Every structure is written in C-alpha cells, then in structure tokens.
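The following report describes a predicted model with attention to how each geometric term is defined. Please read it alongside the sequence and the coordinates.

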Amino acid sequence: MKTRWALVLAAPPLAIALAFFVVPVAYLFWVSLHQPSQSELYGAALTLGNYAGILGDSFYLEITRRTLGVAAAILALCLLVGYPVAYFVALLPARRRMLVTLLLLFPLMVSNVVRAYGWIALLARRGVINAGLEGLGVIAAPLELLYTTPAVVVGLMTILLPYMVISIANTLAALDRRYEEAAQALGAGPLRTFLHVTLPLSMPGVASGTLLVLLLTLSAYVTITLLGGPRSKLLVSMIYDGVTAFQWPHAAALSFILLALALVLTGVILGVLRPARVQGTGR
Amino acid sequence: MSALGSSAGEIDVRLTTVRKSFGPVLAVHDVDIEIPRGSIFSLLGPSGCGKTTTLRLIAGFEQPDAGEVYIRGDRVTALPPYKRNFSMVFQSYALFPHLSVAENVAFGLRMRKTPRAERSRAVTEALDLVKLGALAERYPRQLSGGQQQRVALARALVIKPAVLLLDEPLGALDKMLREEMQIELRSLQQRLGITAVFVTHDQEEALTLSDRVAVMRNGVIEQVGPPREIYDRPCTEFVAGFLGASNFLDGTVAAREGATAIVETAAGPIRLGADAPVGARVRVAVRPERVRMRRDGAAGLPARIRDIVYRGPVTHFYLDSAAGALVCHQQAADAGAWSVGDEVRCAWDPASAVVLSDGRA
C-alpha cells in the first residue's frame with residue numbers, strides 16, 4: 001500500500017525526467033557516435049572519430065586545461081573568501097542570519113548579462129579602472145584587463161560566491177556547539193578547536209558548496225563569453241561554437257567529454273572531502 | 001590508570017559566592033561549593049534550577065558576574081576552558097563523528113602533545129577501563145547509546161583531569177542501562193579516586209552516586225549534605241518534595257518532653273524530635289515509607305483509606321485525615337490486610353519526622 005502510493009507520487013516527476021532528460025541525453029550520445037553530415041543532423045555511419053578527434057587534438061587539451069584552471073581558481077577563491085564569511089554568518093542569531101542570507105542572495109536577482117556588462121564597464125580599455133589609473137598618472141597605456149582569463153575568474157567568482165557562503169553557513173549554523181565545547185574541555189584552544197573539530201565537521205557544507213560552484217563554473221556561458229572574449233574560451237564555448245557551425249556530432253561528443261569531466265571531478269571532491277563520514281551525529 | 005592521589009581534605013573545586021544572570025534571569029545566585037578530592041558531588045534539581053549553569057561556570061563555558069572559581073587551589077575564574085584542568089562528559093556525549101573511538105579518546109592527549117607511544121598506551125588502557133577495547137576502530141555512529149557513553153567517559157578520563165564534570169551523562173540511556181552505568185561509574189570513580197561534579201534531575205541517581213548532594217532551586221542551593229541526610233532530614237519543603245514523596249502536616253508545638261516536641265495538628269497530636277519552642281507553628285514532613293498503619297483504636301493519627309495502588313515491591317496507600325491527605329508506602333508483604341474504606345491509625349518513629357525550616361504553617 002505504502003509503496004504503491006510512493007510509486008504514484010513519484011511517477012510524474014520520473015516521467016518528466018525520463019522524457020526531458022534521460023531520453024534527450026541518450027539521443028545526444030547517439031548523435032555523438034555518428035559522422036557529421038552536410039545536410040542532416042548526423043551522418044549515417046557509426047564512428048568514434050568525434051571523440052578521437054577531440055582527445056587527440058592539443059587545442060582541446062589546452063582548452064580543457066584552461067577550463068580546469070579557471071574552475072580551480074574560482075573554487076580556491078570561493079573557499080578562501082567564502083569560508084570566513086560563512087563562519088561569521090553562522091555565528092549570527094537566527095533572525096539576523098536570515099537577513100544576511102537574503103542580502104547574499106540579492107546579487108543573484110540581477111541577470112548575469114547585466115553583471116557581465118558591469119564588469120565590462122569596469123575592465124574595458126576605456127573602463128573605469130583604466131581611465132582612473134590613467135587619470136592619476138599611474139599607467140601610461142591602458143591595461144589589458146577585459147577578455148582575459150582572470151576577468152572570467154573574477155566575474156564568475158563573484159556570481160558563484162553566495163552558493164559557497166550559504167552552503168557552508170548552513171552547515172556551520174546547524175553544528176552542535178557541544179562539539180566545540182568538548183574540544184575545549186579536552187584542552188584545545190580556539191585555533192585547534194577550529195582545525196580539528198569545526199573544519200572537519202563543516203565538510204558537508206564545503207562539499208556541497210564546492211560541487212555547486214564547480215558544476216556552475218563548468219556550465220557557465222554568458223559570463224565567459226562576455227568577459228573572456230575570443231581568446232579565453234572554455235569547453236562550453238567550444239560546444240556553442242560547434243553547434244553554430246552545424247557540427248552537431250562534434251558538439252555532442254564535446255558535451256559528453258565535459259559531462260565525464262564533471263563526473264570525475266565530483267567523484268574526486270567527494271572522495272577527498274568525504275562529507276558522509278561526519279553525517280549522522282555523535283550520539 | 002593510576003589513582004589521582006587522594007590526599008584527604010584537599011579541596012579540588014571551590015566556588016565562592018558565584019553569581020550568574022542571563023539578562024533579567026538570575027540563573028545562579030551566590031552559590032558556595034567545596035568539593036573534597038576523590039568525592040562525587042551532585043547538583044540536583046528541576047530543569048532551570050541553575051545546576052547546569054553552575055557546572056558550566058566551573059568549566060569556564062560561562063563567566064560568572066561575581067564570585068570566584070578555584071580548581072585544585074588555582075583561581076581559574078578568568079581562564080578560558082581549555083586552560084582549566086577538567087574534562088567533561090556531555091549529555092549528548094558530543095563524540096567527534098569524524099574520528100574513530102580510539103581517535104576520540106586520544107584527542108585530549110594530542111592536544112597535550114603526549115608522545116605517540118605513550119598516547120596509544122593510555123588510549124588502550126582507558127578503553128579497557130570502560131570495556132570497549134574491542135571497538136577502538138569503530139566510529140561513534142556505529143555504537144549503541146551505552147557504548148557511546150563509555151567512550152565519552154574514557155575520553156574524559158584519559159587526560160587525568162583534576163575534576164570530571166558530568167552533565168546528565170546517563171539521561172539518554174534507558175532505565176536498566178542507566179542503573180547499571182550508575183554502579184559502574186561509582187566503582188570506577190572510587191577506584192581511580194576521581195573528583196567529580198555530577199548534574200542530574202534524577203533524585204535516585206543523585207542518591208546512588210554521590211558523596212554529597214546539593215539540591216538547587218531557582219539558582220539557589222537549598223540544602224547540601226550526604227544523600228542520607230538530604231533524604232532523611234530535608235530542611236525545606238522543596239527538598240522534601242523533590243527527593244521522593246513526603247507527607248506534610250501543619251501544627252503548633254503544644255508541649256515539650258526533653259528533646260521531643262508534641263505538635264498538635266488538626267487530626268490530633270504527633271510526637272517528633274525537634275527543638276522548636278512551645279507555641280511555635282511548624283510544618284512537619286514524614287516520608288511515606290516511615291508511616292505505619294494500625295487498626296482503628298491503636299495510638300496514632302486517625303485516617304481513612306481512600307485508595308490502594310499496587311506497585312510491585314511496595315503498595316501505596318492514599319489516606320484522608322483531618323490534617324489533610326496522607327500517603328503511606330508498605331512492603332508488599334505487609335500490604336494485603338487492608339482494603340479501601342478501612343479506618344486506620346497512622347504512626348511513625350518520632351525521629352523520622354522533620355520540622356521544615358521554611359514551613360510557614
């Protein structure tokens with residue numbers, strides 16, 4: 001009886017996931033296994049050539065390396081900036097924590113396109129920063145700020161930071177203070193209490209924040225295109241380029257390489273941070 | 001683990017007129033405590049009485065508004081918890097979920113930078129002490145409540161603290177296990193000569209475990225003493241009522257015969273050992289198990305059986321008298337002869353009746 005109701009309740013979302021996710025992804029994979037065609041979506045012959053072409057091409061290796069570099073930099077910055085912020089947010093009383101969380105979410109209400117143009121206004125050759133520095137006589141010629149990889153990193157990082165802060169803050173706020181007291185009772189000062197108890201116990205939040213930021217970085221497009229320009233392309237940009245050039249099977253294969261990369265990285269993060277081992281309380 | 005050295009008479013924990021309020025609420029009001037080395041001191045009282053706050057003041061998790069805290073003669077009032085010589089077992093145990101049993105127990109030694117070899121020897125010893133040597137590599141979530149409790153105890157004992165603080169450590173266990181752990185805890189404490197402060201709201205637990213009990217109410221210690229004294233000679237109505245049931249009788253001292261006072265109640269005279277002067281209005285407490293029922297016509301307070309409740313080893317008799325309701329507990333073996341509606345006479349040893357200091361009859 002109970003299982004039948006569970007099935008009834010689960011059926012509609014399962015059907016939707018099947019129709020709009022599993023089937024298209026399977027189809028996309030099917031597409032990626034075919035030769036390109038001038039007139040059709042894909043050619044008739046089955047081939048692994050699309051994958052072989054990408055994996056054997058040093059250009060794509062470079063793009064992949066850049067993508068990983070950007071993701072690593074964004075993750076590092078989000079953790080470095082986000083953890084301290086989350087720590088202090090978690091210390092706030094519940095009502096004020098709610099308010100601060102809302103403030104953190106506020107930038108997410110502004111479209112990424114608008115935010116990217118904001119960065120362009122700041123970073124462009126005649127943008128606020130260059131104009132300001134030139135006006136002050138600090139630099140003679142405008143700095144090359146826009147359309148660089150650092151511009152992409154900073155632009156994406158500021159968008160993704162709230163995800164990291166909120167994930168970690170929620171875990172820290174739910175942490176039983178008795179753990180920290182127990183550590184202190186055993187002679188651990190504030191720093192060692194943090195390193196040996198608070199930090200490891202916040203790993204579920206760090207893991208979920210890291211995964212969110214990583215996956216959103218890998219799938220971001222607008223910010224990368226607007227701030228990275230033609231020289232700082234990432235894997236997603238190459239998929240888009242493939243689609244616009246009507247190289248459907250090639251773009252499909254690239255999509256699966258990106259998906260595989262995301263899965264591997266997710267596995268690595270979960271393996272390193274092992275959030276599950278602190279889940280379940282000490283009782 | 002060696003005994004911690006039980007030089008008699010040394011005071012391991014001392015609180016002098018300690019006061020703590022949270023906003024407008026006075027949680028601990030001028031509390032004075034002295035705990036001699038090697039003894040268990042219980043803080044007993046209902047929730048909100050200030051017993052846990054008192055414990056947290058000793059630990060340093062709370063700062064007193066006034067008064068001083070001493071551990072082993074050192075004034076620690078201004079020291080943070082991690083610089084005080086104590087360890088603590090929490091009600092929730094607070095075992096670190098990301099560390100194994102052995103790592104949990106080793107934590108305090110690591111913080112003290114104990115060399116690795118000595119550390120692992122001490123951990124093994126502590127785990128053997130609580131009979132958990134076989135589970136050293138498990139994680140807390142893989143243990144039962146009772147096992148977690150033992151790990152928490154081993155973790156607290158392994159650092160050989162000057163004082164062991166226990167915050168309702170048995171509260172989360174079921175009744176059978178709790179009684180077993182009480183006895184085990186007591187024998188462990190006596191074997192190791194540990195000084196311990198024990199917070200509980202369970203009066204039986206306090207009586208079983210303690211050398212001395214402090215009964216707290218509204219931030220004030222109402223009475224301190226050995227369990228037997230607290231139970232047999234309660235000073236206040238609250239203490240008498242909180243530690244088991246009590247009968248309360250109001251009356252006036254009508255006459256004195258040496259050390260014995262004869263108190264006239266609404267139901268007749270009762271005799272008890274007290275130094276209250278003739279004419280004083282007093283409130284008298286008598287434990288239900290001290291009350292003996294006799295057949296109508298014998299000496300004693302006349303009463304009538306309203307209800308009889310069979311409770312296994314004892315039977316509870318609920319009585320009505322002119323001085324108010326009374327309760328009498330009788331061993332099951334003696335209880336069979338009575339039935340509801342019987343007219344009885346209630347009597348007790350005058351030495352077992354107590355005049356309460358706050359009895360405004």
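The model is predicted, so local features are given only at pLDDT of at least 70 and side-chain atom pairs count only at pLDDT 80 or more, while totals for chains, interfaces and linings use all residues. Residues are numbered from 1 along each chain as its sequence is written, and chains are lettered from A and ligands numbered from 1 in the order in which they are written.

## Chain A as a whole

Chain A has 13 helices and zero strands, where helices (H or I, at least four residues) and strands (E, at least two) are DSSP runs numbered from the N terminus. Along the principal axes, the C-alpha atoms of chain A fill a box of roughly 75 × 70 × 35 Å. Of the 283 residues in chain A, 33% are buried; a residue is called buried if 20 or more other C-beta atoms lie within 10 Å of its own, exposed if 12 or fewer, and partly exposed in between, with C-beta atoms placed from the backbone. Among contacts in chain A with a separation of 6 or more, 72% are between residues 24 or more positions apart, a contact being a pair whose C-beta atoms, placed from the backbone, lie within 7 Å.

Gly132(A) belongs to helix 6 (residues 128-135) of chain A, and Gly132(A) counts as exposed because 12 other C-beta atoms lie within 10 Å. Gly132(A) and Leu122(A), ten residues apart in sequence, are 10.0 Å apart from C-alpha to C-alpha.

Two packed helices are described by the angle between their axes and the distance between the axes. Here axes are lines fitted to C-alpha atoms, for helices over the stretch in contact, and angles run from 0 to 180 degrees between N-to-C directions.

The crossing of helix 8 of chain A and helix 9 of chain A is right-handed, and so is the crossing of helix 10 of chain A and helix 13 of chain A; a crossing is right-handed if the near helix is turned clockwise from the far one by less than a right angle, and left-handed if anticlockwise.

Between helix 8 and helix 9 of chain A, the residues that meet include Tyr179(A) and Ala183(A) on helix 8 and Val197(A) and Leu201(A) on helix 9. By class, this contact of helix 8 with helix 9 of chain A has four nonpolar, four polar and one charged residues, where Ala, Val, Leu, Ile, Met, Phe, Trp, Tyr, Cys and Pro count as nonpolar, Asp, Glu, Lys and Arg as charged, and the others, Gly among them, as polar.

## Where chain A touches chain B

The contact between the chains takes 21 residues from chain A and 23 residues from chain B. Helix 8 (177-185) and helix 9 (190-201) of chain A each supply at least two residues of the chain A side, and the largest share of that side, six residues, comes from helix 8 of chain A. The residues on the side of chain A divide into nine nonpolar, six polar and six charged.

## Strands of chain B

In chain B, four strands form an open antiparallel sheet in the order 2-1-4-5, two strands being paired if DSSP finds at least two bridges between them. Strand 2 (25-36) and strand 5 (74-75) of chain B stand at the edges with a single partner strand each, so one side of each is left without a neighbour in the sheet. Strand 4 (residues 66-71) and strand 5 of chain B pair over two bridges, and Ile71(B) has Asp74(B) in strand 5 as its bridge partner. Helix 1 (residues 51-59) of chain B lies across strand 1 (11-22), strand 2 and strand 4 of chain B, at about 60 degrees to strand 2.

Further along chain B, strand 16 (residues 301-311) and strand 17 (residues 314-321) run antiparallel and are joined by eight bridges, with Val309(B) partnered by His316(B) in strand 17. These two strands form a hairpin with two residues between them, and Gly312(B) in the turn has a positive phi of about 85 degrees. Strand 17 of chain B is also joined antiparallel to strand 18 (residues 324-331) by eight bridges, Thr315(B) standing opposite Gln330(B) in strand 18, and a hairpin connects strand 17 to strand 18 through two residues.

How values were computed:
Two residues are in contact if their C-beta atoms, placed from the backbone, lie within 7 Å.
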